[in-house]
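I opened my notebook to record what I looked up in one structure.

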Amino acid sequence: MRTETGCDAVMIGRGALGNPWLFRDIGAWLRGLPVPGAPTVEERSEVFLRHVSLQRGRTEDKRLIHEVRKAVAWYTKGLPGSAELRDQHKAPREPDALIAATVAYFSELAKGRPRLKVALDASTVAMESEPAGDKAACA
């Protein structure tokens, strides 16, 4: 677009939600390098956990469940069984249950056997607390 129109910049909006790799891919393309392509399931899971960890530190409890649901939808979009996983996430009221189910989904997907029905059990995943220095850097 920049080459064709002569514009100084291109704005990236909602396309980056749940897809932070978009910036990596654009940067590679602009430098004339091969575009790395889609992230692995493990990368998605890791970034999803980081995302919800940051949300937990910045979102009031009554809103957190809604924010986690959005993150689940963003990071699982287009993956096998993701629609069923998101349907399951409409019921739980506890963010930890949603996070645990999503991590279990990613784990099964990484093993090559996506379970369409994952347990909504918050005890299967322990959220790591983020270092205090990370909060200011990502604000």
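I note at the start that the model is predicted.

Entry 1, the helix pair. I looked up helix α3, residues 41–58, and helix α6, residues 95–110. Their axes come within 9 Å and cross at roughly 170°. Angles over 145 degrees count as roughly antiparallel, so α3 is roughly antiparallel to α6. I then listed who makes the contact. From α3 I wrote down Val41, Glu42, Arg44, Ser45, Phe48, Leu49, Val52 and Arg56. From α6 I wrote down Asp96, Ile99, Thr102, Val103, Phe106, Leu109 and Ala110. Sorted by class, the residues of this contact are nine nonpolar, two polar and four charged.

I found Thr59 in the loop between α3 and α4, the latter being residues 61–76. Is Thr59 buried or exposed? Its relative accessible area is 19%. Buried means under 20%, so Thr59 counts as buried. Setting aside neighbours within four places in sequence, I noted that Thr59 is in contact with Leu64 and Glu67.

I recorded a volume of about 230 Å³ for the largest pocket. Which residues line the largest pocket? They are Met1, Arg2, Thr3, Val10, Ile12, Ile26, Trp29 and Leu30. The elements giving two or more residues to this lining are α1 (2–5) and α2 (21–30). The largest share, three residues, comes from α2. By class, I wrote down six nonpolar, one polar and one charged for the lining.

Notes. Residues numbered from 1 in each chain as written. Predicted model: local features only at pLDDT ≥ 70, side-chain atom pairs only at ≥ 80, totals over all residues. Heavy atoms only, no water. Axes fitted to C-alpha atoms, helices over the stretch in contact; angles between N-to-C directions. Helix = DSSP H or I, 4+ residues; strand = E, 2+ residues; numbered from the N terminus. Parallel < 35°, antiparallel > 145°, perpendicular 65-115°, else oblique. Contact = heavy atoms within 4.5 Å. Nonpolar A, V, L, I, M, F, W, Y, C, P; charged D, E, K, R; others polar. Buried < 20%, exposed > 50% of the residue type's maximum accessible area, 1.4 Å probe, protein only. 1 Å grid on protein atoms, 1.4 Å probe; cavity = no way out; pocket = protein on both sides within 12 Å on 5 of 7 lines; lining within 4 Å. Points joined across faces, edges and corners; volume = space filled by probe spheres on them.
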